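Please look at the sequence and the fold together before reading on. The paragraphs below go from the chain as a whole to a few single residues.

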Amino acid sequence: MERKYCQECGTELVEKYLENEGMIPFCPECGQYRFPMYNVAVSMIVVNRKNSKILLIRQYGKPFFILVAGYVNRTESLEHAVAREIKEETGMTVSSITFNRTQFFEPSNTLMCNFTAFVDDDSELSTNEEIDSYRWFTPDEARENILQNSLASYFLNAYLDESTNL
């Protein structure tokens, strides 16, 4: 076990057996098991209801297209985070949200929660400084242009393979 400390009191955690769970980090000072903590983020397949196109973005100087995504704030619901992130990054208002799936992303210790977010049209589109560029794609074009072998492509392809909405 890598060296970890109790989030309540700062005491170094020890491994202790918990029935039906196995070896779990335990705080001997608090007398409490401390289950692993991780980040939670949302990623969104943004669909324009007017023309059924999908928004992909480029960020942080990278040359590839990805989905709009962002971290969930403490006390915030996933659905609120979806609407907030889209509003902050694109200026658009979400009209409806549908949950798709989740996948743990080890490199950032993050549980990624994927949704489809529908906007009525792109009339409000005004990107912030987080987005270098964007483009609306047909579903087939989105599949071809998203960063291949990425979590974003996994979410998009799974959605498109199951979708009858587009």
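Predicted model: local features only at pLDDT ≥ 70, side-chain atom pairs only at ≥ 80, totals over all residues.

Residues are numbered from 1 along each chain as its sequence is written, and side-chain values use heavy atoms, with hydrogens and water left out.

The protein chain contains three helices and nine strands, where helices (H or I, at least four residues) and strands (E, at least two) are DSSP runs numbered from the N terminus. Followed along the sequence, these elements come in the order β-β-β-β-β-β-α-β-β-β-α-α. The radius of gyration of the protein chain, taken over C-alpha atoms, is 19 Å, well over the 15 Å that the globule rule (2.2 Å times the number of residues to the power 0.38) gives for 166 residues, so the chain is more spread out than a compact globule. The C-alpha trace spans about 60 × 30 × 30 Å along its principal axes.

Of the 166 residues, 40% count as buried, a term that means under 20% relative accessible area, with exposed meaning over 50% and partly exposed lying in between (1.4 Å probe, protein chains only). Among contacts (heavy atoms within 4.5 Å) with a separation of 6 or more, 58% are accounted for by residues 24 or more positions apart.

N100 sits in strand β7, which covers residues 96–105, and N100 counts as buried because its relative accessibility is 18%. The side chain of N100 makes a polar contact of 2.8 Å with that of N114 and another of 2.9 Å with that of T116; a polar contact is a pair of N or O atoms within 3.5 Å, where, within protein, one must be able to donate a hydrogen and the other to accept it, and residues adjacent in sequence count only if both atoms are side-chain atoms. Leaving aside residues up to four places away in sequence, N100 touches I45, N114, F115, T116 and Y159.

Two further asparagines belong to loops. Most residues other than glycine have a negative phi. N109, however, has a positive phi of about 50°, and N109 lies in the loop between β7 and β8 (110–119), where a relative accessible area of 32% makes N109 partly exposed. N149 likewise has a positive phi, near 60°; N149 is placed in the loop between α2 (139–145) and α3 (151–162), and at 82% relative accessibility N149 counts as exposed.
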